[in-house]
Amino acid sequence: MKEQWQILTPDKETVRHLCEALKCHPVTAGVLVNRNLSSFADAQAFIHAALKNLRSPFGIKDMDRAVRRIHAAIVRKEKIHIFGDYDVDGISATVLLYEFLRAAGGLVDYYVPHRVSEGYGLREKHIHDYVAPNHYQLLITVDCGISSHKAAIAAKQAGIDLIITDHHQVPETLPDAFAVINPKRTDCTAGFDDAAGVGVVYFVLICLRKYLRDMGFWMDRPEPNLKNACDLVALGTVADIVPLTGENRILTKIGLEVINAGLRPGIQALLSAAAVRDPVASEDDISYRLAPRLNAAGRIDHAQCAIELLTTRDSAQARTIADTLNGMNAKRQSIEKDILKQIRDRLPLSYPDLTQRPAIILSDTRWHEGVLGIVAAKLADRYYRPVILISTRNGAGKGSARSIPGFNLYEGLKLTENYLESFGGHARAAGLSIKRENISGFTREFEAIVKAQTELSAFIPVLTIDQELSFDQISPRLADELEKLQPFGEGTPEPLFMSRNLKVTYSQLIGNAHRRMSLMQPGAKTDQVISAIQFNVDTGCAFPEYLEKIAYRLRWNRWNGKKTMQMLIEAICPKETA
């Protein structure tokens, strides 16, 4: 899709004042103002994110009720069961709660369902077949449960107290549980709506640890170190693509520090298996190296493997499990590549008028439902419209959906729920189940809803440029200051810049998919040459010697103990020749 380039114009006086207050590069000040961080205090809190700046989570609805019940279960030695989800958010939340309750002496274990054979979420079957027969008295969900109405009734009938911790969109009626902790509840005004599932669990543990302290519980045992558990929060928060603002940003920043301190053998082994060579792991490493491998367990086999990796304290065992996850990820990539090719071959036949269609909805009996979310995300990014892919290989349809900023996927599915067996998720990502005979009707109605609710401009991707830079403005100081603004993510994007009238002094394809180059700007006051790289390039045509403009992110590239400034190019406009 051809992007629209939009250059932001922060107020010059505000930028100047912030630049003077922070004693920073003017470009850095402009980036902060573009993110609505106009005051010295706000900018300082953003740059120096710290746990002390976390707001109190004690006001989250049902928090006090849940904390008292968990305390009772611990001291009475009741059997506690954790039910989690199979993605990185659910896995990390499961491990976080499990390790804390074990440290507190709780009689606790966990279960994560099989993605293909069991599907998402807590169901009646889990209560009848496992929880009740094994005499659990307290059941806690993490990253799921908000739509498990039938399971909640089954648990209540079996005399099991159910505490739901979740962050997904809340249905009109809450499940009949002992406590429902979800900051998105309409009657919850605590302001933690953007938390990931693991973040919600972390807030529960902050409150639980404090309550146990007040009760004198820690007099004869060490308090669990919640700062050291932020590595798990960072994993789930970044992987689930929730906004990296407020508490999410603080917990992710601290979590990355914990990851880089090397405290968890499983994460260190996975970084090594993923060939992360930078001395300092970043949020990109979570997104593109760690999360895909942890997710591969649940996609290809069972998430239990990923949980074992995160809980082991044995480095040798961690290396073995990490290698297994690496193999699963390679298999996942192969399956994904095959499905993506099938869809691209099929699109011209199924959607000859694709540019006029508001959504892409396809189904197939051959598709592995474990990877459809990744494929849907790639298609949504490429064609810039909502995408729903449905696998019908086991009879019933199981689908994954991804959207664009201009369309709320969850609300769209809600309007078509008469065609669906179940659904859940967020504005940008969702899952659903549907009978095969309902797919065609669902497709027609969903497309009509997207068309009615979405402006035409929403189907044109926008490159939001922080500032146009000349090469004179680019310096090691600027690269250093931009690096201090990490972590970047949803809601706090990495700065994107633009430069014009560039000459390509060197260009070479690497790996048949990426292009490394050196660029200079004729007419600039300095003659500096800056290295650049562009990923997933079109190799079918000759690369031009001159570029009209480029959009890029400025980073340090570290290799063999050295660092050089590098442009990570997002988009290129070649200079037209007569």
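This is a predicted model: local features need pLDDT of at least 70, side-chain atom pairs count only at pLDDT 80 or more; totals for chains, interfaces and linings use all residues.
**Nonpolar cores**

In soluble globular proteins, nonpolar side chains tend to be buried together. In this model, the largest nonpolar core comprises 90 residues. Within that core, I70, L96, L101 and L325 have the most contacts. Helix α8, spanning residues 197-214, contributes the largest share of the core, namely 11 residues. Another core, of 40 residues, lies apart from it and includes L354, L389, L432 and F442.

Leaving aside residues up to four places away in sequence, L101 touches I70, I74, I80, I82, G106, V108, I140 and L208.

**The second largest pocket**

Rolling a probe the size of a water molecule over the atoms shows where empty space is left. The second largest pocket holds about 250 Å³ of space. Its lining consists of 15 residues, and E99, N225, N228, A229 and R264 lie nearest the centre of the pocket. Helices α5 (88-103) and α9 (230-239) each supply at least two residues of this lining, and α5 gives the most, with four residues.

**A pair of helices**

Helix α6 (residues 124-131) and helix α7 (residues 149-157) have axes that come within 7 Å and cross at roughly 35 degrees. On the α6 side, the contact is made by E124, I127 and H128, and on the α7 side by K150, A151, A154 and A155.

| Site | Nonpolar | Polar | Charged |
|---|---|---|---|
| Contact of α6 with α7 | four residues | one residue | two residues |

How values were computed: Residues are numbered from 1 along each chain as its sequence is written. Side-chain values use heavy atoms; hydrogens and water are left out. A nonpolar core is a set of buried Ala, Val, Leu, Ile, Met, Phe, Trp, Tyr and Cys residues joined through side-chain atoms within 4.5 Å. Buried means under 20% relative accessible area, exposed over 50%, partly exposed in between (1.4 Å probe, protein chains only). Contact means heavy atoms within 4.5 Å. On a 1 Å grid over the protein atoms alone, a cavity is a set of points where a 1.4 Å probe fits but cannot get out, and a pocket is an open set with protein on both sides within 12 Å along at least five of seven lines; lining residues have an atom within 4 Å of a point. Grid points are joined across faces, edges and corners, and a volume is the space filled by probe spheres set on the points. Axes are lines fitted to C-alpha atoms, for helices over the stretch in contact, and angles run from 0 to 180 degrees between N-to-C directions. Ala, Val, Leu, Ile, Met, Phe, Trp, Tyr, Cys and Pro count as nonpolar, Asp, Glu, Lys and Arg as charged, and the others, Gly among them, as polar.
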